[in-house]
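Please look at the sequence and the structure before reading on.

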Amino acid sequence: MFLTWAEFDETPEALEEGIRHITEEVVPAIKGSEGLIAGYWAVDRENGKRMGVLIWKDADTPGAVMPGVSAKIKAQRETAGRDTQPGPDRTGRYEVVAQV
C-alpha cells in the first residue's frame with residue numbers, strides 16, 4: 001500500500017472554499033475509484049491549513065486514477081462557473097509499512 005498526501009496553507013475564505021471543494025467536488029469524483037482504499041481530509045481552522053490523505057493499493061494506482069478524477073472536477077467547476085482550484089502547497093508519497 002501507498003499513501004499520498006497534500007497540504008494547503010490558506011486564508012480563512014480560501015479555507016472555506018477548500019472545504020466546499022472537497023465535500024462537493026473531490027469526494028464525489030474520487031469515491032469508488034479503482035485501487036483507492038480510503039481517503040481522509042482534515043482541516044486546522046485555527047492555523048489556516050487543510051490536508052488530504054489517500055490510501056492506495058499500490059504505487060502505480062494514483063497515476064492511473066487521478067487524471068480522470070481531475071478531469072471530472074474540472075468539468076464540474078467549469079459548468080458551475082468556478083475558477084480552477086489552487087493546487088497544494090506541499091505533497092508527498094509514502095509506502096505503508098504497518099497498519100492496525
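Predicted model: local features only at pLDDT ≥ 70, side-chain atom pairs only at ≥ 80, totals over all residues.

Which residue in β3 is the bridge partner of A38? The partner is I55.

| Residue | Bridge partner in β3 |
|---|---|
| A38 | I55 |
| F2 | W56 |
| E7 | M51 |

In total, 4 strands form an open sheet with antiparallel pairing, in the order β2-β3-β1-β4. Because β2 and β4 (90-95) stand at the edges and each has a single partner strand, one side of each is left without a neighbour in the sheet. On average, neighbouring strands of this sheet are turned by 15° against each other, ignoring direction. In a regular strand, side chains alternate between the two faces of the sheet.

**The helices**

Helix α1 lies across β2 and β3 and runs at about 170° to β2.

How do the axes of α1 and α2 cross, and at what angle? The axes of helix α1 (residues 12-30) and helix α2 (residues 61-80) come within 9 Å and cross at roughly 125°. This angle makes α1 oblique to α2. The crossing of the two helices is right-handed.

Residues of both helices take part in the contact. From α1 these are E17, R20, H21, E24, E25, V26, A29 and I30, and they meet M66, V69, K72, I73, Q76 and R77 in α2. Sorted by class, the contact of α1 with α2 has 6 nonpolar, 2 polar and 6 charged residues.

**Salt bridges**

How many salt bridges does the model have? The count comes to 11 salt bridges. One of the pairs is formed by the side chains of E16 and R45, with 2.4 Å from N to O. This pair links distant parts of the chain, since E16 is in helix α1 and R45 is in the loop between β2 and β3, 29 residues apart.

Terms used:
Residues numbered from 1 in each chain as written. Heavy atoms only, no water. Axes fitted to C-alpha atoms, helices over the stretch in contact; angles between N-to-C directions. Parallel < 35°, antiparallel > 145°, perpendicular 65-115°, else oblique. Left-handed = near helix turned anticlockwise from the far one by under 90°. Contact = heavy atoms within 4.5 Å. Nonpolar A, V, L, I, M, F, W, Y, C, P; charged D, E, K, R; others polar. Pairing = 2+ DSSP bridges. Salt bridge = Lys/Arg side-chain N within 4 Å of Asp/Glu carboxyl O.
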